[in-house]
Amino acid sequence: MTDRRTELAENLARVEERISSACAAAGRERDDVTLIVVTKTYPASDVRLLAELGVRHVAENRDQDAAPKAAECADLPLNWHFVGQLQTNKVRSVLGYADVVHSVDRMRLVTALSTAAVRAGREVDCLIQVALDAESGARGERGGVAPDGVPELADALAAAEGLRPAGLMTVAPLAGPYAGRTRAAFDRLMEISTGLRAAHPAANMVSAGMSADLDDAVAAGATHVRVGSAVLGVRPRLG
Ligand SMILES: *Cc1c(COP(=O)(O)O)cnc(C)c1O
């Protein structure tokens with residue numbers, strides 16, 4: 001049996017190879033893409049091993065699990081990303097450890113995040129989560145705002161004290177016109193990003209691509225990929 005550290009090192013090397021190949025194929029610099037390892041459902045001991053192996057960005061999607069894990073790992077040189085659907089009553093806790101919030105999808109969340117950021121004396125980078133399968137003016141089942149809701153949220157983030165509009169995030173949709181068309185979905189996200197950057201030039205992060213589709217995301221132009229199972233293994237339960 002190989003030990004956990006070796007297993008993680010091998011998985012990381014495979015993911016690194018995929019990112020490098022996709023960058024090379026797209027004529028992009030490897031440094032243009034940041035790997036975020038999604039550690040949800042896995043223990044703090046894995047986060048510690050990942051940090052030893054050179055990982056600098058980790059992500060979580062449930063505050064109940066993330067808050068104690070981040071506290072256990074507070075001594076590590078890590079940036080924490082929050083990528084799950086976010087309830088307003090969890091915002092204060094999330095801002096206790098998260099450097100970047102990827103899942104801003106409604107005005108009430110902007111207000112709550114701003115209040116918590118000001119209270120904590122922080123400037124927080126916020127990504128708007130786009131639901132490419134949501135109807136105009138609506139939100140997606142798994143979170144995210146319809147593409148036509150992006151400008152209003154971006155303006156609100158820019159105006160909110162303690163927050164910065166940093167870019168966009170999406171999860172490839174399982175339903176709607178982009179179901180099964182991952183590359184087309186990520187191309188659409190890049191188009192929305194171009195529109196966003198016209199109004200907010202610094203909002204240039206594009207968080208897209210997971211274990212199954214990170215290659216398509218890098219090809220489309222993603223700046224951040226969020227990879228869980230390809231590094232840590234298939235999760236024991238839905239998370
Ligand atoms: C779990 C999760 C990921 C990682 O998914 P894998 O398929 O395990 O790579 C990425 N983004 C979000 C929002 C997630 O919840």
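This is a predicted model: local features need pLDDT of at least 70, side-chain atom pairs count only at pLDDT 80 or more; totals for chains, interfaces and linings use all residues.
Residues are numbered from 1 along each chain as its sequence is written, and side-chain values use heavy atoms, without hydrogens or water. Local features need pLDDT of at least 70, side-chain atom pairs count only at pLDDT 80 or more, and totals for chains, interfaces and linings use all residues.

The protein chain has nine helices and eight strands (DSSP runs numbered from the N terminus: H or I of at least four residues for helices, E of at least two for strands). Its C-alpha atoms fill a box of roughly 50 × 40 × 30 Å along the principal axes. Thr41 is found in the loop between β1 (34–38) and α2 (44–52). Phi of Thr41 is positive, near 70 degrees, although the residue is not glycine.

The ligand is surrounded by Val38, Lys40, Val83, Met210, Ser211, Arg226, Val227, Gly228, Ser229 and Arg235 (a heavy atom within 4 Å). This shell divides into four nonpolar, three polar and three charged residues (Ala, Val, Leu, Ile, Met, Phe, Trp, Tyr, Cys and Pro are nonpolar; Asp, Glu, Lys and Arg are charged; the others, Gly among them, are polar). An N or O atom in the side chain of Arg226 is 2.8 Å from a nitrogen atom of the ligand. A backbone N or O atom of Gly228 lies 2.8 Å from a ligand oxygen atom. A polar backbone atom of Ser229 is 2.8 Å from an oxygen atom of the ligand. The protein covers 88% of the 380 Å² of accessible area that the ligand has on its own (Shrake-Rupley method, 1.4 Å probe).

The lining of the second largest pocket has seven nonpolar, four polar and three charged residues.

Technical notes
A polar contact is a pair of N or O atoms within 3.5 Å; within protein, one must be able to donate a hydrogen and the other to accept it, and residues adjacent in sequence count only if both atoms are side-chain atoms.
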